[in-house]
Each structure stands twice: as structure tokens, then as C-alpha cells.
Amino acid sequence: MPTLSPMSGKHAAYALTANQSKGRHHPEPAHAFRGLFERDRDRVVHSTAFRRLVNKTQVFPSPTNDHHRTRLTHTLEVAQISRVVARQIGLEEDLTEAIALAHDLGHPPFGHAGEDELRQFMKEHGGFEHNSHALRIVTMLEYRYPGFSGLNLSWEVREAFAHHSKSNDPSLDEYKAAGSPFLEAQVADEVDSLAYNAHDVEDALTAGLVRETELDDVPLWCRAHREVLNDYPGLPAGTLIPTIVRKLISWQVEDLIQQSLLNLAAEGIDSVASVRACPRPLISMSEPMKSLRKDLERFLHRHVYRHTRVQRMAFKGRRTIRRLFEEFLGNPVLLPIRYRNRLSHESAHRVICDYIAGMTDRYARAEFRNLFSAEDDT
Ligand code: MG
């Protein structure tokens, strides 16, 4: 039975506390009772991009049913688990939570299929990648504050996007030069995959994409299944599956906390500077758990992400984005005025990409219907 780590709830020497932050781009007076990273977290929650996550595909097409994860509920799960891990390791919880809540803000409609399509259009025009796009959202595209564009988040929350980005965009260099990612960002990153591996199995089962017997050759699932049936013989399927998934999550979370504490001790990590200087990831699962997780990921790739229903959604999503992009390029007059105004000083490709990337799946479909129908807009 795992016990609370001695670091639980206290800041360890390696936590990135607010007094070590490089601060905001536009200086602002301190708040009377909310700390720097608390305000970052709150600004993310109140942003337009955050609310749009509710209608953005995670993996499953949004009309599948009302019970599977959307990008919003996935984000909330990542934030919840990240907070638990951060607390046990002695990290800065508000910073971890802000990064977790913001981590998917840059995703376009229709999941990775949407991202692939935008990347095609932007190949010769500065590229498209969801992390660097999230950075554009929080530094330029949100327009909620009188004194500045974007959300004016602290440097570290912005850095987390840059570290996860595969883009070569020179605007990311400033952040990448800081050294290895700090531990709070590493936690959110590890927990992201931990959360979606677990919930994608549950969603695939409840949506009927796979049958439980197909999981027979996934050792992690089988072990959890055995233990649950041992503890609760005859559990009906409706409760059995969430109970197995809960076990999968707790095993991985416990392993992640314990292995990360071992890593930190083994490397003699005692400050943010020593985290920055350490070339290998410090927040990680144990080797046996990593290998069990690989089997689960292999299953998901083979049986879920390549399932006909998921592929069909991806195909239709890409086509919707392609048609919209081509139509706006040929007829910029169709763009909303706020975007049209940018065309005098920015490339049409970037303006259109920003508009489409901000859309939810629902809005993109409605825009498609409106543009290609002879009727007036609905
Ligand atoms: Mg995610």
C-alpha cells in the first residue's frame, strides 16, 4: 500500500516556486490574494480557447455518444492527476495545474487529422503545430484584456508549450534555451499520456469499438481485470470496466510518483538549476511499467486509432478543413471582419489557419454547411 511521500504538500527544493519565475511579458501589479501561477491557471480556465475544448475531438467523433471524453474532459483529468502527482513529489501545484489545463489549447478541430491537414496547407507558410499554435493563442490571439493581446501568462507556462513542440519556429528558441524542462512541466507531459491511454480504452469499450475479450493479450489490462474480479466477484460490466480503468490509473500514478522520487534522489537533484542541467527526464515511470504501457499503446493503435469509425471521422474532418481553407483562400471576403482586417499586413495562409484552428468541430461543420449551401447562413 503506498504511503504519502514526506514531500506531500510542501515545496521541495527542486519546485519551481513563483518567486523564481521570469514573470509576465507585460508587467502587472501583484494580486491581493492570488499568486502568480494561480492567476495563470484562472486565466486559462476563463479563456475562449479553453471553453472551445468542449467541442473538440480527442479521439472519438463527437456525435458518438455523450459519455466519451472530449478534449475538455481529457484536460480536466490531466489537471486532476497532475495535481496529485505534483503534491506527492513536492512540486508547485498551481504551476502544474496551469500547464495541464493549458496543454491542449492549440488543438484544431477534428483531432490529429485536423492538425495534419493544416500542416499540409502551412508547409511553405511557416508551418502548423498545436503547441506552437497554443503559444500564439496565449500570447496574441485571445483578446480579453484591455492592456495586452493574449493572456499575458508567466514565462514558465509559455515555456511548457515550447518544450512540447516539435516545431522549429524561431519564436520557441528563447524558451528552449532554458535547458531541460522543469519538473512541473514534465509531470503534466507524463500524465497526459497516462490519462489518455487509460481513458481511450474505456471509451473504446463503451462506444463498442472493441470487445473486452480483444484485450486478452494486453498484460496490464488482464492483471487489473484479475485483481478486480478477485476483489469483487460477479461485478456487472457497467461497473467492472470503470473499476479496471481506475486500477490502471492508480498503478501508473503510484509507479510514476515512486520512480520519479527515486530518479530525483539518484541524480542528487536539489534545485531548479540542477533539473535544468539534467539531460534525462526525471519524471518517469519504472522500466517494467513503461513496457506494460507500451503493450497497451500498441493495442490502442491497432484496434482503436485505426478503427474504421475513427478513420472515417478523420477523413471527413480533413476534407472539411481542406474545403474551408481553399474557399477562404480564393474568397477572403468570406472571412469574419476581424480576420479580414489582418490581411493587409499578414499572410492570408496564417490568417486563415488561425481562424480554422480556433474552430470547434461543431463550428467547422456549421461553417462548412453555411458556405456551401445556397441558403442564407443559419
Ligand atoms: Mg492531451
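**Entry 1. Between the domains**

I began with the boundary between the two domains, and I counted 22 residue pairs in polar contact between domain 1 and domain 2, both residues of each pair being at pLDDT 80 or more. I note at once that this is a predicted model.

I then asked which helices of domain 1 are involved. Helix H5 (111–122), helix H6 (130–141) and helix H14 (308–330) each supply at least two residues of the side of domain 1 that touches domain 2. H5 gives the most to that side, with eight residues.

I looked up the bounds next. The domain assignment of the protein gives 18–310 for domain 1 and 311–372 for domain 2. For the contact, I found 35 residues from domain 1 and 27 residues from domain 2. I also took the distance between the C-alpha centres of domain 1 and domain 2, and it is 27 Å.

The area buried between domain 1 and domain 2 came out at about 2,800 Å². Carbon and sulfur atoms give 61% of it.

Charged pairs came next. I counted three salt bridges between domain 1 and domain 2. I also looked at glutamate 117 itself, whose side chain meets that of arginine 318 in a salt bridge (2.7 Å, N to O).

**Entry 2. Arginine 136**

I stayed with helix H6, where arginine 136 is found. Is arginine 136 buried or exposed? I read a relative accessible area of 16%, so arginine 136 is buried. Its side chain makes a polar contact of 2.7 Å with the side chain of aspartate 354. I listed what arginine 136 touches, leaving out residues up to four places away in sequence: Leu141, Arg342, Glu346, Arg350 and Asp354.

**Entry 3. The nonpolar cores**

I turned to the nonpolar residues. The largest nonpolar core has 86 residues. Tyr14, Val85, Leu105, Trp221 and Val304 have the most contacts inside it. I picked out valine 85 and listed its neighbours, again leaving out residues up to four places away in sequence. Valine 85 touches Val187, Val191, Val253, Leu256 and Ile257.

I noted the general background: in soluble globular proteins, nonpolar side chains tend to be buried together.

**Entry 4. Salt bridges**

How many salt bridges does a search of the whole structure find? I got 27. I went through some of them.

I started with arginine 41 and glutamate 97, whose side chains meet in a salt bridge (3.2 Å, N to O). Arginine 41 lies in helix H1 and glutamate 97 in helix H4 (residues 93–102), so this pair ties together parts that are 56 residues apart in sequence. I checked both for burial. Arginine 41 counts as buried at 17% relative accessibility, and glutamate 97 counts as buried at 11%. Both belong to a network of salt bridges that links Arg34, Glu38, Arg41, Asp42, Arg83, Asp94 and Glu97.

I moved on to arginine 276 and glutamate 159. In their salt bridge the closest N and O atoms are 2.6 Å apart. The pair links distant parts of the chain, with arginine 276 in helix H12 (residues 272–277) and glutamate 159 in helix H7 (residues 155–164), 117 residues apart. Arginine 276 counts as buried at 17% relative accessibility. Glutamate 159 counts as buried at 0%.

The side chains of glutamate 77 and arginine 69 meet in a salt bridge (2.8 Å, N to O). Arginine 69 is buried, with a relative accessible area of 13%.

**Entry 5. Two further residues**

I looked up glycine 35, which is found in the segment before helix H1 (36–45). Glycine 35 counts as partly exposed, at 29% relative accessibility. Its C-alpha atom is separated by 8.7 Å from that of aspartate 94, 59 residues apart along the chain.

I ended with arginine 226, in helix H10 (residues 219–231). Why does arginine 226 count as exposed? Its relative accessibility is 57%, and the cut-off for exposed is over 50%. I took its C-alpha distance to isoleucine 244, 18 residues apart along the chain, as 9.1 Å.

Notes
Residues are numbered from 1 along each chain as its sequence is written. This is a predicted model: local features need pLDDT of at least 70, side-chain atom pairs count only at pLDDT 80 or more; totals for chains, interfaces and linings use all residues. Side-chain values use heavy atoms; hydrogens and water are left out. A nonpolar core is a set of buried Ala, Val, Leu, Ile, Met, Phe, Trp, Tyr and Cys residues joined through side-chain atoms within 4.5 Å. Buried means under 20% relative accessible area, exposed over 50%, partly exposed in between (1.4 Å probe, protein chains only). Contact means heavy atoms within 4.5 Å. Domain bounds come from an automatic or database domain assignment. Buried area is the accessible area (1.4 Å probe) that two parts lose on being put together, summed over both. A salt bridge is a side-chain nitrogen of Lys or Arg within 4 Å of a carboxyl oxygen of Asp or Glu. A polar contact is a pair of N or O atoms within 3.5 Å; within protein, one must be able to donate a hydrogen and the other to accept it, and residues adjacent in sequence count only if both atoms are side-chain atoms. Helices (H or I, at least four residues) and strands (E, at least two) are DSSP runs, numbered from the N terminus.
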